[in-house]
Amino acid sequence: MALQMMEASANVLMEFVLDKLKLLSYEQNFCNSRKPPWPRLHKFYFVMPSNNRNEQYLYFESLVSWLLSLVGCNLQLSKEEGDPNRTCMNIMFHLKELGFAPPNWPTTDLKQGFGDAVCCVLDSLANLALESQKFEFKQPVHISESFSGEYEDGLGSILCHIPNKSDIICSGTTWKYSHSDAFDRSTKAEPKIVQQMLKVDIEHVSSELASMTRDGENWRLHLHEAQQLHVEMCKILVDICNQLQRVEFDISSTLEKLQKREKFMNMHLESLVAGYTETKSHLMEVQQKHRKSLTNISDLTSQLAHTTEQLEKVKQTMVEKGNNISDVSPLLQMKSTIHSLKIELQEMEAWIGVLEHTLLQNQCKYNIKLSTATLDPHK
């Protein structure tokens, strides 16, 4: 069976909402959840528009999200650039999921942030949150007004047991109870204890009784003033009724003019509305293409960065090879080495010539000795 939302005026519902939120301890659990904290609600906050409409709507949206979290639902709040219509549709979707019947008011009424629809949603969610926390309203305890033999501490409980004025006798600055039948019945069981308690109570409440009696003696003057005010109000009422009738006639005529003007504007704006709808759909398509293009651009940008990195590496390698090619220091080293080799070759040739000359000289000496030995063998 679908749950029914309580349909009443915002003035009535807001008082119920405020009491139920206090039972849910919203001041500690919700108001203090933000820095700076949310302001405390009063009974007209969501009844009439606030000076800051955005703050009022944001308060309603956050409060609904908190109440839904108490019943196990999660509401995605609209950001600064979000669409409030989407959030209102999400609220109605969650209410439908929770089992609430469709309301009689349109969903766009929630976007105002105040009014009957807003208070109706808050009241329904507060009831559901109390049920989820298994909260039960107990029967009220009524305090008996009949006189009993037991007395409670405090002025309020003492005044509840004060007898009528006819049962009290004033003597100087002291007050005494007369022997009435009601007190006789209550003091038969324990007369001494009751008399002592009565004396103590009379001492505590004597000053209050004096002020009460002084105020009570002026009832005739108050009645005369009330009668005079009644006569004056009856005289003024006729003129006020005539003025209200004129105001009602002016308002009704103005409303008729506004309705006619609205119909006229709607007839002339149908083509513009259709064009707006078509343009909006085209805008959605263009935005979708734009998102795809942004995705492609990001991919191409990453590829470009990778290619640029590889190109830089190739350039660095080419620069290193170019520097190696244009470097003449190895050639100079080779020339100096060749020159030193030529010098060493010349020195080696000189040493070879000296050695050959030495060998030739020794060979000649050896041949001379040999020939001398052959010519003169006896020597």
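Trainee: At what angle do the axes of α3 and α4 cross?

Mentor: Roughly 30°, and the axes of α3 (residues 53-70) and α4 (residues 84-97) come within 12 Å. Axes here are lines fitted to C-alpha atoms, for helices over the stretch in contact, with angles from 0 to 180 degrees between N-to-C directions. Helices are DSSP runs (H or I, at least four residues), strands are E runs of at least two, and both are numbered from the N terminus. α3 and α4 are therefore roughly parallel to each other, a label for angles under 35 degrees.

Trainee: What hand does the crossing of α3 and α4 have?

Mentor: Left-handed, meaning the near helix is turned anticlockwise from the far one by less than a right angle.

Trainee: And which residues meet there?

Mentor: From α3 you have Tyr57, Phe60, Glu61, Val64 and Leu68, and they meet Pro84, Thr87, Cys88, Ile91 and His94 in α4. A contact means heavy atoms within 4.5 Å. By class, the contact of α3 with α4 has seven nonpolar, two polar and one charged. Nonpolar covers Ala, Val, Leu, Ile, Met, Phe, Trp, Tyr, Cys and Pro; charged covers Asp, Glu, Lys and Arg; the others, Gly among them, are polar.

Trainee: Before I go on, what am I looking at, and how is it numbered?

Mentor: This is a predicted model, with residues numbered from 1 along each chain as its sequence is written. Local features need pLDDT of at least 70, side-chain atom pairs count only at pLDDT 80 or more, totals for chains, interfaces and linings use all residues, and side-chain values use heavy atoms, with hydrogens and water left out.

Trainee: What's the average pLDDT of the chain?

Mentor: It averages 78, and 76% of the residues score at least 70. pLDDT is the predictor's confidence in each residue, from 0 to 100.

Trainee: Where does pLDDT stay under 50?

Mentor: Over residues 145-189, for which the model has 48 contacts beyond four places in sequence. Where pLDDT is low, the predicted coordinates should not be read in detail.

Trainee: Okay. How many helices and strands are in the chain?

Mentor: There are 10 helices and two strands. From the N terminus, the order is α-α-α-α-α-α-β-β-α-α-α-α.

Trainee: What share of the chain is buried?

Mentor: 21% of the 379 residues. Buried means under 20% relative accessible area, exposed means over 50%, and partly exposed is in between, using a 1.4 Å probe and protein chains only.

Trainee: Back to packing. How far apart are the axes of α3 and α5?

Mentor: 9 Å, at an angle of about 25°. That makes α3 roughly parallel to α5, and the crossing is left-handed.

Trainee: Who meets whom in α3 and α5?

Mentor: Phe60, Leu63, Val64, Leu67, Leu68 and Leu70 in α3 meet Val118, Val121, Leu122, Leu125, Ala126, Ala129 and Ser132 in α5. That contact has 12 nonpolar residues, one polar and no charged.

Trainee: What about α1 and α5, what's their angle?

Mentor: About 30°, with their axes 9 Å apart. That makes α1 roughly parallel to α5. Among the contact residues are Leu13, Phe16 and Val17 of α1 and Cys119, Leu122 and Ala126 of α5. In total the contact divides into 11 nonpolar, one polar and three charged.

Trainee: Switching to the backbone: which peptide bond is cis?

Mentor: The one from Lys35 to Pro36, with omega near 0°. Pro36 is in the loop between α2 (26-29) and α3.

Trainee: And what is the phi of Ser25?

Mentor: Positive, about 60°, although Ser25 is not a glycine. Ser25 is in the loop between α1 (10-23) and α2, and at 31% relative accessibility Ser25 counts as partly exposed.

Methods. Angles under 35 degrees count as roughly parallel, over 145 as roughly antiparallel, 65 to 115 as roughly perpendicular and the rest as oblique.
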